[in-house]
Amino acid sequence: MRNRKQKCMMACAAILAAITVMSVLPGSQAVEKKGNETVTEVEMDYAAQEHVMPVTLLDMTNADVQLQQTAQMATPQANMYRSELTNEWIDISLKNQRPVAIMVDNEKAALPHYGLTEADIVYEMMNSTANGRITRLMAIVKDWGKITQFGSIRSVRPTNFMLAAEWNAILCHDGGPFYINQWAAKPYSNNLSGGFKRINNGKKREYTEYVCTGEIASRIQKAGFSKDYNEYYPGQHFAFSDAEIDLSIYPEAVPCTEINLSKVFPHNQTKLVYNAATNTYDYYEYGKAHTDPLHNNAQLSFKNLLIQDTTFSQLDKNGYLIYNAIDSGRTAYYISDGKMIPVIWIKAAENSPTIYLRLTGEPLVLNTGKTYIALVPSDSWQNVVVK
């Protein structure tokens, strides 16, 4: 019943998004949705828009028979429930607690990252068009009460406010350019900026700030934010299967043992490699495995990968940008257990969840576990390497 309800809600949202047409963005010199010319100089009033790009209508035919295996309900655990972020069993006391979204510096000098393996979802996206399109990470953490050291943390960008809002998450960061000001003032936005603990690690000051034990709870209380989901919570984000889905049951599936994004994010040289022993994808950057010294040097790994073709608009000549995260009918890849299928993504409004659909129009159902989401700039989409 739970999965059926989720699918109906997501399908309705997809239909609504599909019939919405976007007017030309005010202040833009030009807008090109498809093709190579995806970078647009814009004025600041672009950031206030809540429109949807024109969509490619989805072809839903009776000839496409759903091949998803029947999900078998696992035996419920006492005082536990399935996390809305991962579908894993977690403590029932966390059920109404909002997650946090922590901005993590991804410059090489900021490594190693502490605590990142505690994240339920990790976004990676271009932080600037300069410096080899260096990326920044945004980690979504449900059980933030267990954090002892997380980061180091850094500044935020406008796109992150839209993405954090999908989860009703409280955004934790250290400042940002003036472009974020109107986003921080949005009614759905709660954020904690700066003032986190500094740890003397022998590095420059910008690499020394971490979210540490008890800070989130005390800062939330001081700010007067609700620690529980509020009126802006859009509801369940992903649809999960309680039983493992082998993507090879779908005719469009292809093998995928590696996603190489080194030509997409040349500064970080990101890639994710399938680990058959764990049925997860291990994360690598700067030519080496990404490990967490806080947890016995465990490698950062994910059950699900979503690689998302996303246009962006450049805000100035210094490399600041905003992803056009509100869009529809664009391509993405869903990857799990060594297989990949193409999907379509839709985001109807700033604080609406990004919906992923199979090419048949059916809502995508994810395997239980952690998820990595890459916002690939559309002008580099052709550089995604699937092995």
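**View 1. The buried residues of helix α4 pack against β3 (100-104), β7 (170-173), β8 (191-193), β9 (197-198) and β10 (209-212).** Packing here rests on contact, meaning heavy atoms within 4.5 Å. Helices (H or I, at least four residues) and strands (E, at least two) are DSSP runs, numbered from the N terminus. Before we go on, please note that this is a predicted model, where local features need pLDDT of at least 70 and side-chain atom pairs count only at pLDDT 80 or more, while totals for chains, interfaces and linings use all residues. Residues are numbered from 1 along each chain as its sequence is written, and side-chain values use heavy atoms, with hydrogens and water left out.

**View 2. Helix α4 has a buried side and another side with exposed residues.** Which residues of α4 (residues 215-223) are buried? They are Glu 215, Ile 216 and Ile 220. These residues cover an arc of only 125° around the axis, which puts them on the same side of α4; the arc is that of the directions from the helix axis to the C-beta atoms. On the other side of α4, look for Gln 221 and Lys 222, which are exposed. Buried means under 20% relative accessible area, exposed means over 50%, and partly exposed lies in between (1.4 Å probe, protein chains only). Just after the helix, Gly 224 takes a positive phi of about 80°.

**View 3. Helix α2 (residues 158-165) is largely enclosed by the rest of the structure.** Why is that? Eight of the eight residues of α2 are buried, so the helix is largely enclosed.

**View 4. Three strands form an open sheet in the order β6-β10-β9.** Strands of a sheet pair through backbone hydrogen bonds, either parallel or antiparallel. In this sheet the pairing is antiparallel. β6 and β9 stand at the edges with a single partner strand each, so one side of each is left without a neighbour in the sheet. Two strands count as paired if DSSP finds at least two bridges between them; β9 and β10 are joined by two. Zoom in on Lys 197 to see its bridge partner in β10, Tyr 210.

**View 5. Two peptide bonds are cis.** The bond from Leu 111 to Pro 112 has omega near 0°, and Pro 112 is found in the loop between β3 and β4 (121-126). For the bond from Gly 151 to Ser 152, omega is near 25°. Ser 152 sits in the loop between β6 (149-151) and α2.

**View 6. Asn 87 has a positive phi, near 70°, in a residue other than glycine.** Its place is in the loop between β1 (80-82) and β2 (89-91). Is Asn 87 buried or exposed? At 0% relative accessibility, Asn 87 counts as buried.

**View 7. Lys 303 is found in the loop between β19 (301-302) and β20 (304-310).** This lysine counts as buried, at 10% relative accessibility. A polar contact of 2.6 Å joins the side chains of Lys 303 and Asp 337. A polar contact is a pair of N or O atoms within 3.5 Å; within protein, one must be able to donate a hydrogen and the other to accept it, and residues adjacent in sequence count only if both atoms are side-chain atoms. Not counting residues up to four places away in sequence, Lys 303 touches several residues, including Glu 244, Asn 279 and Tyr 281.
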